[in-house]
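Thanks for coming. I will show one model and talk through some of its contacts and packing. Please have a look at it first.

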Amino acid sequence: MTIEQEHDEAWRELRRRVADHLAAMGPGDELGVAVDDGSGEVPAYVVADVDGQQRLHLESVGTGGLDQPWAVGPEHEDDDPAFETVLGQRECDLAAELIVAVLRSGCLHPAFLTSRELDLDGLRWRRPTKPLPPGRGTVLGDDAPLAVLVEDREHLQRLVDATLAEVLDQPVAHDEDGDVPVPVGESVVWVQVLEDRPVVALFAILVDDIADTGAAFREVAGLQARLPYLQVRVVGDRILVRHEICAVPFAPRQLAGVLARLCSEIDDIAGAVAERVGGRRFLEGMGVDEEGDELAEPAPTVLDEHLATVVELLLDGQVEPAQVAAAYDGDRSLLVRSLVGLRTGTVVVPDVDLDLLLHTVRSGLRHLVDRLARRDDGPARPRGPRTQQLSLLPEDEQGLDLPDPGRWVG
């Protein structure tokens, strides 16, 4: 069976299931089928419901260019098209054909659909596992097919494992989540077969334990330009990268090529970005020695005088951001180093609330960055000499003490 024939068969099966479901619906029942592109949003969907006169009301949202019997709906917009039509429930076969035609215009295979009401078992990777064809040699050899029609998720996982075993020249091992980790220097690339869609994802934690989140967000645009085939995001205190490969059909050479490129770039880029945002590569400080033995955890670092100053002040009460910056002599790199040490556990401060200490040190970093930002806005407008306003109140007036102006000076 060719790829086109396999796709046609899948869509025919979907049309049959939709028709059977529409025929069994009663007044007030509803059927919704949506395209699932993995983004968490719904780019297109079709909804069908039955009224008290046994009529099917169909609504299509997100797919444009529909003609009769579809008509423009009341909520139609150019960037979010909406169409509707009404058929008798006896015309469920025609309704199913219209629904499938709409979905197929914006979806490669029924495996990329989702529905709460319709049974998609078998169309979304739930068929029994079938073994790989007997006698197959390598998946990357010269005589191997360029693409393989996958039967289900387990079949795709076997093909991915075979591809990675040839690329890495060793058997693959799965972690507790079922993904395959591929160490690259002090970074890791994970290869994952998605549970509900025929997609192979490659993802990595580019930088972990970020101290300067603002700097991390500023890095995203540059990283996206340098790595255009990857999706780059800041999530919490991490920079994540991700690439998804559609596996309908599965092309082993495509996976091998993307993995090779990602592995050739990620570790060097991760090291440079980690320095700029005050973070670390995923395996940094957690590797193994040349004999394969686990490295001991790094010994806690002795407090330097800058952090020790902040700790002593903090024990006596709240420390202002300007005081933290002064304790570090205005050196942003020293502040970032302390934050990284505290977050990774290489700097241990006993008998002090770690969250409070991190917040205090981070406030000093923010104070420095804000001061630099104000300086970069340009020179201040020159002012003339200020005149001194004589006080109209007696110096010993009670209850009129003004706050110390030094607290408001940056």
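By salt bridge I mean a side-chain nitrogen of Lys or Arg within 4 Å of a carboxyl oxygen of Asp or Glu. Arg 238 sits in strand β11 and Asp 208 in the loop between β9 and α4, so this pair ties together parts that are 30 residues apart in sequence. Element names follow DSSP runs, helices being H or I with at least four residues and strands E with at least two, numbered from the N terminus.

Before going on, the ground rules. This is a predicted model, where local features need pLDDT of at least 70 and side-chain atom pairs count only at pLDDT 80 or more, while totals for chains, interfaces and linings use all residues. Residues are numbered from 1 along each chain as its sequence is written, and side-chain values use heavy atoms, with hydrogens and water left out.

Are the two partners buried or exposed? Arg 238 counts as partly exposed at 31% relative accessibility, whereas Asp 208 counts as buried at 4%. Here buried is under 20% relative accessible area, exposed is over 50%, and partly exposed is in between, with a 1.4 Å probe and protein chains only.

The structure holds 17 salt bridges. Through shared partners, Glu 13, Arg 16, Arg 17 and Asp 20 are joined into one network. Within it, the side chains of Arg 16 and Asp 20 meet at 3.2 Å, N to O. Both belong to helix α1, residues 3–24, and are four residues apart, about one turn of the helix. Asp 20 is partly exposed at 45% relative accessible area, and Arg 16 is partly exposed at 43%. Another salt bridge links Arg 55 and Asp 51, at 2.9 Å, N to O. In that pair Arg 55 is partly exposed, at 35%, and Asp 51 is buried, at 15%.

Now the sheet. Five strands form an open sheet in the order β7-β8-β9-β11-β10, with antiparallel pairing; two strands pair if DSSP finds at least two bridges between them. At the edges are β7 (180–184) and β10 (231–235), each pairing on one side only. On average, neighbouring strands are turned by 25° against each other, direction ignored. Strands β8 (residues 187–193) and β9 (residues 199–207) run antiparallel and are joined by five bridges. Val 193 stands opposite Val 200 in β9.

What packs on this sheet? Helix α4, residues 213–226, touches β9, β10 and β11 (238–246), and its direction makes about 175° with that of β10. Contact means heavy atoms within 4.5 Å. Axes are lines fitted to C-alpha atoms, for helices over the stretch in contact, with angles from 0 to 180 degrees between N-to-C directions. Helix α5, residues 252–277, lies across β7, β8, β9 and β11 and runs at about 20° to β9.

Last, helix α6, residues 305–315. Its buried residues include His 306, Leu 307, Val 310, Val 311 and Leu 314. They cover an arc of only 135° around the axis, which puts them on the same side of α6; the arc is that of the directions from the helix axis to the C-beta atoms. On the other side, Glu 305, Glu 312 and Leu 315 are exposed. After α6 comes Gly 317, with a positive phi near 140°.
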